[in-house]
Amino acid sequence: MSRLDSVLNIEDLRKIARRKLPKPLFNYIDGGADDESNVLGNIRAFDGASLVPEYLIDVAEIDLSTKVLGREISMPLFLAPTGMTRLFHHDGETAVSKAAAEAGTYYSLSTVGSTSIEDVAAACDGPKCFQIYVMKDRSLTREFIQRCKDANYDSLTLTVDIPVAGNRERELRYGFSMPPKLNLAGIAGFAARPGWVYRALTHPKAILANVAHKIPEGSSQSTSLIEYVASQFDPSVTWDDLEWMISEWGGPFAIKGILSAADARKAVNCGVSAIMVSNHGGRQLDGALSTYQALGPIVDEVGGECEVICDGGIRRGTHVLKALARGATACSIGRPYLFGLAAAGQAGVTKVLELLHAEIERDMGLIGCRNIGEIGSKHLSSDS
C-alpha cells in the first residue's frame with residue numbers, strides 16, 4: 001500500500017513531511033515570525049466562522065470551475081508562490097507545476113524559486129503566474145517581465161509585504177540558510193535524516209535559479225535567505241512602481257500582501273486585476289490581521305472591481321467555502337502543498353489538490369450549492 005493511501009487530510013501530510021525533512025527545513029516551512037501567532041491565527045480565524053447550509057436543493061451535479069487572472073481553473077483554489085522549493089524535494093517547482101497543470105489550476109513561481117522561469121514553462125502546460133519581488137537593480141525587474149512574456153506566462157503578482165525581512169526565530173535557531181550554514185542544532189537535524197542528505201548529494205544543488213546569473217561566478221559565499229532579502233530586495237518600492245509594472249506587463253496583474261481596505265483601494269486605482277489578501281503566512285509581521293479577518297473589509301471596499309483572492313490558513317474545503325461566502329473569488333495555498341511535496345514529491349502535491357478538490361465539492365453539496373456563483377453571504381452566520 002502506498003504511503004499516501006492512508007493520508008486523509010493536510011495534517012497527515014504535515015506529519016509525514018516532519019518525519020522526512022531535516023529539522024531546519026521543516027521548521028522553515030512550518031514556522032513564522034516572532035511568536036508565530038499568525039501562523040495558527042490564520043487557520044483559527046477560518047475555524048471560528050460558521051457555515052449556514054440550505055437543504056432540499058438538487059446537488060446531483062456540482063461544478064467547481066471558476067476564472068482567475070484570465071484563466072479558467074478547475075476549482076477556486078490554486079498554488080501560491082513559495083521560495084526554494086527544491087530544498088524540500090529534489091524535483092521542486094517542476095513537480096509542483098506539473099501537479100497543478102494536471103489538476104487544471106494555476107501554479108505561481110517565486111522570484112526566489114529554485115527552478116527558472118523558462119524551465120517551469122517547459123514543464124508546465126497549465127496556467128502560470130510569476131511572482132515578483134522588486135530588486136534594487138530595476139533592470140532585473142524589467143528582465144523578469146520580458147522573460148515571462150517570452151515564456152508565455154499568464155499573469156504576474158507583485159508581493160509587497162516584505163519591505164524588510166520578518167524575524168523568523170526558528171530559522172535563526174537552526175541556522176537555516178542557502179546553502180545550509182549550520183549550528184549544532186542544524187547539524188543534528190540533518191544527520192537525523194540521511195535519506196534527505198543522500199538525495200541532496202545525488203541531485204543538482206538548489207540555487208536561486210532566476211537570479212543566479214547576478215551572483216559572481218565561482219562565489220562560495222554562504223548567504224542566508226534573510227541576509228539575501230535584506231541586501232537585494234528594495235524597501236523603497238512605492239505605488240508608482242506598481243503602476244509602472246502593470247503598464248510594462250500589459251496583462252493580468254495581482255498584488256499580494258494587502259491587509260487593509262485603504263491599500264486595496266489604492267491598488268485598484270493603480271489598475272490591478274486581483275488583490276491577494278495575505279499576511280505572508282504569518283512569516284513577516286506577527287500580530288497582523290488574519291487573512292480571513294482582512295478579507296471582509298477588502299471585499300466591501302473593492303469587491304466587484306477586481307478579483308479578491310484569500311491566501312493563508314487554508315487547510316480544509318470548508319475554509320475555501322467560508323472565504324467564497326465572504327466574497328473572495330478564490331483561495332491560494334502554500335504550506336499545504338509543500339507538506340505534500342516533502343512527503344511524496346509530485347504525487348504528494350497531487351494528493352493535496354485531490355483532497356481539497358474532494359472536500360470543496362462535498363462541502364458545496366452539504367451547503368446546497370451547485371456552482372461557485374451560488375455561494376454567498378447567506379451561507380455564513382451573521383457573526384462570522
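Contact means heavy atoms within 4.5 Å. This is a predicted model, in which local features need pLDDT of at least 70, side-chain atom pairs count only at pLDDT 80 or more, and totals for chains, interfaces and linings use all residues. Residues are numbered from 1 along each chain as its sequence is written, and side-chain values use heavy atoms, with hydrogens and water left out.

**View 1. Surroundings of L259.** L259 sits in the loop between β7 and α12 (261-270); helices (H or I, at least four residues) and strands (E, at least two) are DSSP runs, numbered from the N terminus. Leaving aside neighbours within four places in sequence, L259 is in contact with V277, S278, N279, A288, L289, A294 and I298. L259 is partly exposed, at 21% relative accessibility. Buried means under 20% relative accessible area, exposed over 50%, partly exposed in between (1.4 Å probe, protein chains only).

**View 2. Helix α1 and its buried face.** Helix α1 spans residues 10-20, with I10, L13, R14, I16 and A17 buried. Down the axis of α1 these buried residues fall within an arc of 165°, so they line one face of the helix. The arc is that of the directions from the helix axis to the C-beta atoms. An α-helix has 3.6 residues a turn, so residues three or four places apart point the same way. The packing partners of the buried α1 residues are α2 (23-30) and α15 (335-367).

**View 3. Start of α1.** Here a side-chain oxygen of N9 comes within 3.2 Å of the backbone nitrogen of E11.

Key: Polar contact = N/O pair within 3.5 Å; in protein donor to acceptor, adjacent residues only side chain to side chain.
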